[in-house]
Amino acid sequence: MFSITRGSTLAAVGMAILAGCASTQPSQPNPKDMTFFMTSVGPGKGADLGGLDGADRHCQSLAKAAGAGDRNWRAYLSTQGSGLSDPKFVNARDRIGSGPWQNAMGVVIARSVDELHSPANNLTKETALDETGRPVNGRTEKPNKHDVLTGSRPDGTAFPGSPFPDMTCGNWTKGGRDGSAMLGHHDRAGPIASPWATSWNSAHPSLGCHPEGLRSTGGDGLFYCFAAK
């Protein structure tokens, strides 16, 4: 009788442990409901993305491969005018829709454009996943890929044009040593605890537009993609 009772007790404990393990398993990625991701790879030519159209196509292609191609995907990138009086510039914040946005795991990044550009946003290394739901390497990992192309100021607006410096690698058409692009840190980490060092969209300029220059400070030509519709 004792052995039966003891066996029953052990079985119950085993079932409880299994149930506990099952409840702590992470949920599976569901790209179908995804409205935000960080690219897993760039087009391969540094910051030459083929302009905004090329960057948008890259977002759309990655989203489609992941099962979320039925949305209108836009790259979070700004462009600069040819000069101070040129109105032909684009603000990254104006091209991504109105939100809310969530990653492949269903975690909300921000509920609106204003929240995205405020301290209340939820964009971190743990939430800035790629289109497949995988995390992207941060500053303390090898290879470091925490630099993200944005060409934007902290509020998501464009930098002024000439004679001020190039912050968009020729509006995303340069892939050589000439030019520069503003970068963000998706892991919110930098060499010091300063707002610029922990900014997700406006941390520091790149050292050139070529792949080697982007990698030299911890990047790989990656960028953010948002579903505008």
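Eight aromatic pairs, written here as 8, are counted in this predicted model, where rings of Phe, Tyr and Trp (its six-membered ring) pair if their centres lie within 6.5 Å, with planes under 30 degrees apart classed as stacked, over 60 as edge-to-face and the rest as tilted. In the pair formed by F37 and W73, the ring centres are 4.9 Å apart and the planes stand at 55°, so the pair is tilted. Distant parts of the chain are linked by this pair, since F37 belongs to strand β1 (residues 36-38) and W73 to strand β2, 36 residues apart. Helices (H or I, at least four residues) and strands (E, at least two) are DSSP runs numbered from the N terminus. Both F37 and W73 are buried, a term for under 20% relative accessible area, with exposed meaning over 50% and partly exposed in between (1.4 Å probe, protein chains only). Ring pairs also join F36, Y76, W101, W200, Y224 and F226 into a cluster.

Residues are numbered from 1 along each chain as its sequence is written. Local features need pLDDT of at least 70 and side-chain atom pairs pLDDT 80 or more, whereas totals for chains, interfaces and linings use all residues; side-chain values use heavy atoms, with hydrogens and water left out.

A cis peptide bond connects G99 to P100, with omega about -5°; P100 is located in the loop between β2 (73-75) and β3 (101-102). Another cis peptide bond connects S162 to P163, with omega about 15°, and P163 is located in the loop between β5 (147-149) and α4 (169-172). Within helix α4, C169 has a positive phi near 45°, and W172 has a positive phi of about 65°. C169 counts as buried at 0% relative accessibility, and W172 is buried with a relative accessible area of 0%.

S206 occupies the loop between β7 (204-205) and α5 (211-216) and is buried at 6% relative accessibility. A polar atom of the S206 side chain lies 2.7 Å from the backbone oxygen of G208. Apart from residues up to four places away in sequence, S206 touches C169, S180, A181, L183 and L214, contact being defined as heavy atoms within 4.5 Å.

T157 is found in the loop between β5 and α4 and counts as buried at 13% relative accessibility. Its C-alpha atom is separated by 6.7 Å from that of S78, the two residues being 79 residues apart along the chain. With neighbours within four places in sequence left aside, T157 contacts S78, N91, R93 and S152. The side chains of T157 and D155 are joined by a polar contact of 2.5 Å, that is, a pair of N or O atoms within 3.5 Å, of which, within protein, one must be able to donate a hydrogen and the other to accept it; residues adjacent in sequence count only if both atoms are side-chain atoms.

The largest pocket is lined by 14 residues, of which P154, R188, S199, W200 and N201 lie nearest its centre. A pocket is an open set of points on a 1 Å grid over the protein atoms alone, where a 1.4 Å probe fits, with protein on both sides within 12 Å along at least five of seven lines; lining residues have an atom within 4 Å of a point.
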